[in-house]
Amino acid sequence: MASAEVITGKASASAGSAPVPGVPANVDPVFYAQLKFRRRQYEPCIDICTELLQRNPYDRAVWLLKTRALTEQAYVDDTDLEEQGVADLLMDDNAMAQAPRPGTSINRPGTSSARPGSSLDPSIRPVTASGRPMSGFLRPSTAATAASGTARMRTGSARANSAFRGARAGSARPLTSLGRRVRLGTASMLSQKGGPFIDVQRLDLRKYAKRPQLAKALCDFLLYHDNNPRKAVELAAAATVVMGYSDWFWKSRLAKGYYMIGLMREAERQLRSALGHQPIVECFLELGKVYLRLDQPAAALDAFSRGAEASPSDVSLKLAVARTHELVGEAQLALEAFRRVLHYDASSAEAIASLAAHHFYSDQPEVALKHYRRLLQMGLFSAELWNNLGLSCFHAGQYDMTLTCFDRALSLAGDDAIADVWHNVAQVAVGLGDSALAYQALKVALAADASHAESMINLGVLELRRDRADTARSLFSSAQRLAPHLFEAWFNGALLSYKLGDFQEAYRQVSQALEAYPGHADSLELMKQLRRLFTLT
Amino acid sequence: MSAAARSILRERKNWLVHELYVRRDFGACLRLIDEQLDASGGLSEYALYVKGMIRRQQGRITESLQLFQAALCLSPRNVRILKQVARSLQLLGKHRNALSVLEQAVVCGASEDWEVHHAKGVCYLFRRDLDDAINAFEEANSCHPHESTYLQLGKAHELKGDLTSALETYMEALESSPDSTELLTTVGLLYMRKRDTDKAFEFLGNSLTHDPRDPKTILAAGSIIQDHRDWEVALSKYRVAAARTPHNPHMWNNIGMCFFGLDKFIASVACLKRAAYLAPFEWIVQYNLGIVHLRTGQNASAFHHLSAAVQLNRRLGNGFHYLAVALGRLGDPDNAISMFERALKLDDGFQLRLNYCISLCNCGRVVEAIEQYHEFVRALEAAAKEDGDDELLTDPDIIIRRDALAKALNIV
């Protein structure tokens, strides 16, 4: 979604006759730089512009080109929801209600996701560290349990600990959502010769605001390259005034700046006003994003669907709808939305992967297999995909393919995925009744990633079958420490303690299990038994 | 102030503590108790006792133990407090310490208290000291018969492997509390273990009339209904249970086999797969999956599931038996025969002999096949005699196969 309209070259004002390095002879250097820009070869384009600007610092066309090239280089598609930072999670000043009604909040998906039989049910589908059911497609997302600590029994430090943990194993959460951008900005600054290209502090923004073409490029430069939302807001505000409050572009940029600073309500107002001028897909997406950040999924859905009315064949809005449904835990609605996405874009990897995951977890591995095969045909080639193919093959009863798929997954897997693949190999081994192989695979998984809690839990169960209760108990307790979101670790530990007669421990662990998964039938039963033991005189 | 006056002051508000405690108004009760403990310098025995009880019900056993021990310091020979200390120790899994406290209680004059003996029995049970446990429970019952004691006594008998005594115990308990669903279900399950399904069904049905939604009872009753090939009824029973326990692998296993009985193989495999997903270590699920696949002619899948089943349960004769059939159909006679031999070591039956004979016949080993044919006829007659009717000998399925084999092997 490139922003300002491309300014076709006014190359006439180019400088002297000395050849510019990197430009063929008899070719106008500005034209050549523009060619490079259009071919997305930003590095040579910037080099030529820098050289030209040294010769003539007041050449506006070159200045504009260089600004745009630098912006494009640092451009990130920010219409997706980014990961929330620790600061946002712990000091959430946008929270609307302490105890929202079920189904109206992302942070507390409510009863719908735990509904037995749905494919998002935690006892069928595993849960990520953020406390959400594993999605079919990896995307940054908000945390469920960490953020909703307000109404829970969590102590302050436990809440902070879970907030610092990233959504994936071994990853950390950025401190603020802006933090990642700032770091990227400084890193790219360093690589520049002779200091920053534009010294923002010395710019007279009001002067630029009167020149719309330059100002648009400068504003995007400030937002994407400099990561300086404060200045961008200043510029955008001035430009809006100049344009007589009637240009959607400046309002949307104003909103983007406000969003980066964290002023959600202001961003919302600007976006609504921008949409009043012209229904732009990007603005609808941004508006939805603002609502999601405010934890108002219903309002976000409304924004997305209004956008879909305005531009019926846009895929990104439909994807956003599907994602939002999944965040709230409405599996069935999400499924339909993903199907609609595929209707318009038959090779949307996110939609295919999500559908595949849904079918896999609702006892239709054959259908999942079809979807994954489609992904393979589209040219995706990753450890995760082969791993999923292997699992689908196994559950669909195609044993001959299973192990070759896992072989490929293992040969492709990097450090972050290899433990997961071995864990699944163990799962298959258990399914074949080969507990020795399962044991070894889990050991390998733990060797690859010593903090792989899922493997620890399964290894604990295998140790229990070998009558080594002490080893099992220590495995369960390390898994509980590493991954408090996994109810399996708590429940298994509780059951073991209960059988050994240590009811105090059992009670503690089963309460934790119920906090991780309030609807777990077996935990509830165990809790009932313990309560009865405690109240009996 | 005299000691007596101080003691009266300490106990002045005991009635209110008691009142709040039995109303389960724990917050107010704890506040009052803390006030009283502050005023008395921690010397108020009843307040300590009630606080201990509340803490235990809140699941904080260690804290409640400390409170009871503090109360015990104030009156070391109080049986009631001794019992609570023992109970806390027992809940914490320290059964030996609990036993010694209980001994102390007996010394302090509680030899006629059923609770003490019951608690002793429970501790012995956890230490797998079954004879002592049984003695303790019987002692408790002689003081004062109680349902929970009967249940524990029955459990001790069951652990000892003495099902008849266990059954007697439960029946005795049923006389005093005939509408206890737990007892009724336990008796039903026991009859099932003794393979007396009619009796079992009687008790389970009785239990279901008191609590029609108990998943455990439904599962047991459903499995008996299934044994009588009444698939639709069993399925309707499971539908009730599924709402309560949607992730019970045994229930999914039974549902799968109901569908198998109804010849709905795809539904059956789907249910069994879900059971296997939820309980990967259950051999019976893998065994059933193997059988369903054998029935639908998917021999390779059947082989995988059956081999998983026999890996999980090495003493599963029928598992080896059907594994051999799968191997025979897959065209691997040598391994099939070795599996048949292995199955024969574990258990014997006319079906096994029949399948063995068919497999041998199919791969052209006539001499051995004839031998197995005679074994089969002998086993069939023996089985018919044991059942006491001639139904087996006139079963058309068996007759057709026997005659076909006889013809193929030239036996007259």
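User: Before we start, what does buried area mean here?
Analyst: Buried area is the accessible area, taken with a 1.4 Å probe, that two parts lose on being put together, summed over both. In this predicted model, local features need pLDDT of at least 70 and side-chain atom pairs count only at pLDDT 80 or more, while totals for chains, interfaces and linings use all residues. Residues are numbered from 1 along each chain as its sequence is written, chains are lettered from A in the order in which they are written, and side-chain values use heavy atoms, with hydrogens and water left out.

User: OK, what area is buried between chain B and chain A?
Analyst: About 3,000 Å² is buried between chain B and chain A, and carbon and sulfur atoms give 55% of that. Within the area that chain B buries against chain A, His247(B), Tyr277(B) and Phe281(B) supply 22%, which is more than any other three residues.

User: And how many residues does each chain bring to the contact?
Analyst: Chain B brings 34 residues and chain A brings 32 residues, where contact means heavy atoms within 4.5 Å.

User: How many salt bridges are there across the interface of chain B and chain A?
Analyst: The rule, a side-chain nitrogen of Lys or Arg within 4 Å of a carboxyl oxygen of Asp or Glu, finds two salt bridges across that interface. One of them joins the side chains of Arg532(A) and Glu182(B), at 3.7 Å from N to O.

User: Which helix gives the largest share of chain B's side that touches chain A?
Analyst: That is α19(B), with six residues; helices here are DSSP runs (H or I, at least four residues), just as strands are runs of E of at least two, numbered from the N terminus.

User: Last one: is Val292(B) buried or exposed?
Analyst: Val292(B), which sits in helix α18 (residues 283-295) of chain B, counts as buried because its relative accessibility is 0%, and buried means under 20% relative accessible area (1.4 Å probe, protein chains only).

User: What is Val292(B) in contact with, leaving aside its neighbours within four places in sequence?
Analyst: Its contacts are Met257(B), Phe260(B), Phe265(B), Ser268(B), Val269(B) and Leu272(B).

Note on methods. Buried < 20%, exposed > 50% of the residue type's maximum accessible area, 1.4 Å probe, protein only.
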